[in-house]
Amino acid sequence: MIEVKDLHKSYGRHGKANALNGITFTVKKGEIFGVIGPDGAGKSSLFRILASLILPDSGTVTINGFEVIKDYQKIRQIIGYMPGRFSLYQDLSVEENLKFFATLFNTTIEENYYLIKDIYQQIEPFKNRRAGALSGGMKQKLALSCALIHKPEILILDEPTTGVDPVSRKEFWDMLDRLKEQGITILVSTAYMDEASRCDRIALILEGKFIGSNTPQGIIDDYSEILWSVIGGKMSTLLSVLRNHPKVKSSFAFGDKLHITVKEGLQTFDLKQYLLNKGFNNVCIDPIQPTIEDCFMALTS
Amino acid sequence: MKQLIAFVNKEFHHIFRDSRTLLVILGIPIVQILLFGFAINMEVQDIRVAFYDPTPDAFTTGITERIRQNAYFNYLGKVNSMNEMEVVMRKGKLDLAIVFEQDFQENLVHSGNAAVQLLSNSSDPNRGSISVNYAMAIIADYQKDQMNISQIPFQIQTENRMVYNPLMKSSYMFVPGIMGLVMMIICTIMTSVSIVREKERGTMEVLLASPLKHGTMIFAKTIPYMVISFIDFIIILLLSYFVLDVPVNGSLFLLCLIAILYIFLSLSYGLTISTLVDKQVNAVIISAMTAMIPVLMLSGMIFPIDNMPNVLQYFSTIVPARWFIDAIRKVMIQGQGLTMVWKDVLILIGMTVFLLAVTAVNTKKRLE
């Protein structure tokens with residue numbers, strides 16, 4: 001279990017760049033807790049503090065009862081940490097990397113093989129290949145294997161799916177589910193909003209602050225805006241026309257669609273008519289359920 | 001212990017899988033020794049010499065003839081006054097002027113003392129000092145012969161510093177220098193780079209987040225380079241002995257001991273650098289600027305320390321290679337024992353302790 005209280009961290013002289021601005025949260029044993037936010041929101045700083053790699057300016061962190069500053073050596077025994085950047089030895093082979101990290105944690109591959117079996121089996125055919133020559137997805141699987149090899153109680157994964165193809169990303173989350181069943185507490189960060197639903201609870205982070213924290217469904221349930229999707233015509237002109245409408249509160253591009261929030265009282269029919277007058281004659285407008293990304297947008301505006 | 005072995009193993013993998021690193025650490029000593037041994041001729045030849053002899057006698061003529069016949073000297077002739085001498089030298093036509101004092105023989109026979117002045121053209125300080133040393137050696141040689149013949153105790157006043165290098169081979173001068181240089185390069189640059197590389201590639205983050213003790217890591221990092229540097233030392237020693245005919249006059253054991261001490265020192269310096277920088281490029285630049293260049297310039301390897309301006313002489317005392325080279329020359333060429341090099345050894349130990357202390361203070365348990 002992880003308890004974080006009022007964490008502050010700033011970089012540079014005079015504390016000009018605030019990375020973390022008062023973060024408080026708790027992660028229960030055996031749950032997957034996702035920290036979701038754009039690049040530069042403070043995810044890596046937060047995770048590095050939790051992994052005892054950097055010191056916070058103020059605030060406290062305890063992991064399974066150990067204080068992260070004072071008991072950093074104990075912390076390092078029980079956590080498995082996977083940094084955002086691929087951080088294994090590129091000139092060592094897959095097997096050598098795994099063996100090295102197993103020895104580093106005073107264990108062997110055989111001892112905890114059952115834990116990494118699912119993951120490692122997928123890269124085992126390439127075990128003599130140098131880590132630097134692996135694909136993005138395979139690199140992440142190896143990195144996860146190395147972070148898991150000592151059977152950590154807490155797994156801290158900093159953007160493990162960044163730069164990984166959609167299929168491998170899905171596989172990766174399936175693995176995390178299975179690890180959770182083993183009782184491992186998992187703290188994971190991501191910039192992909194669609195991965196939020198795979199977590200038990202999530203926190204949305206922006207500019208070093210949690211702007212919302214709940215279960216994914218809870219976050220969606222809290223959404224109070226009227227949300228429509230709009231398709232048709234040229235996206236960029238449609239976007240600027242919609243933004244000029246007095247009753248449209250916000251509009252964002254969502255893949256091939258636009259998501260807009262509107263003020264009370266506006267009907268889809270009215271908006272369709274308005275767009276028709278502006279020369280968009282093939283527009284489709286539907287009320288939709290919000291996604292996490294919609295919630296994030298609503299919370300940031 | 002298992003951690004240490006695994007780590008050392010990993011370091012050797014890094015070294016052997018990077019053919020460029022391997023080439024550098026094994027190629028450098030061979031290339032340096034052969035380059036300095038054959039391509040770069042540090043020997044001074046064709047020394048243009050002139051004599052001023054106000055009262056010619058048997059002794060001055062004898063000395064003049066000796067020098068005249070020596071293959072290294074190019075006899076220009078005699079001058080009639082010091083003024084003339086100065087004019088010729090100023091024009092750059094003369095490397096060495098040998099001036100006998102008035103009534104040289106008289107003084108020598110009656111008071112047992114006579115002086116010879118050696119004026120060298122030191123626009124090239126290296127050539128100048130070597131010319132002087134050559135001439136001194138010849139005069140000393142002459143004096144010895146005369147004493148054997150006449151049985152009269154007398155002294156021609158010259159300071160003879162070439163006594164340990166009677167063949168006047170420059171390889172005697174630079175072999176210890178090459179050792180100092182190569183081991184400094186390998187240990188300092190390689191160690192600092194190998195640690196900083198972990199920082200740069202992000203692997204340090206994973207290592208720090210593991211239970212691995214920082215001391216174990218540092219120790220494991222240094223072992224491979226310690227082994228390789230010692231192999232390099234042996235390569236240089238073998239090449240010097242068999243290819244360049246440099247003798248090993250002193251104790252081989254003491255020689256190895258001094259080399260190991262110097263390797264420790266260089267490794268410590270590499271560690272110190274690694275605690276100060278975060279980029280491999282900076283590690284290389286700082287190592288090269290602070291380790292390599294002072295070794296080349298200020299250690300006495302190429303330019304004699306005695307010929308340096310005072311400021312640089314003081315500065316040279318903090319260059320570890322100066323003391324290493326001094327000790328190696330004494331043991332290897334002069335055949336001295338520990339009693340003559342204890343000062344050098346103590347200074348090297350002191351420097352190592354200092355660098356390790358700085359490293360320990362600067363070592364971080366975290367990323368920042």
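This is a predicted model: local features need pLDDT of at least 70, side-chain atom pairs count only at pLDDT 80 or more; totals for chains, interfaces and linings use all residues.
Residues are numbered from 1 along each chain as its sequence is written, and chains are lettered from A and ligands numbered from 1 in the order in which they are written.

Chain A is assigned domain 1 (2-219) and domain 2 (223-300), the bounds coming from an automatic or database domain assignment. Taken over C-alpha atoms, the centres of these domains of chain A lie 37 Å apart. Domain 1 of chain A contributes 9 residues to the contact and domain 2 of chain A contributes 7 residues; two residues are in contact if their C-beta atoms, placed from the backbone, lie within 7 Å. On the side of domain 1 of chain A that touches domain 2 of chain A, at least two residues each come from β9 (201-206), β10 (209-214) and α7 (216-221) of chain A.

Between the chains, 24 residues of chain A are in contact with 22 residues of chain B. α1(B) supplies the largest share of the side of chain B that touches chain A, with 7 residues. Helices (H or I, at least four residues) and strands (E, at least two) are DSSP runs, numbered from the N terminus.

Within chain B, F59(B) belongs to helix α3 (residues 58-69). Neighbours within four places in sequence aside, F59(B) is in contact with F104(B), Q105(B) and L108(B).
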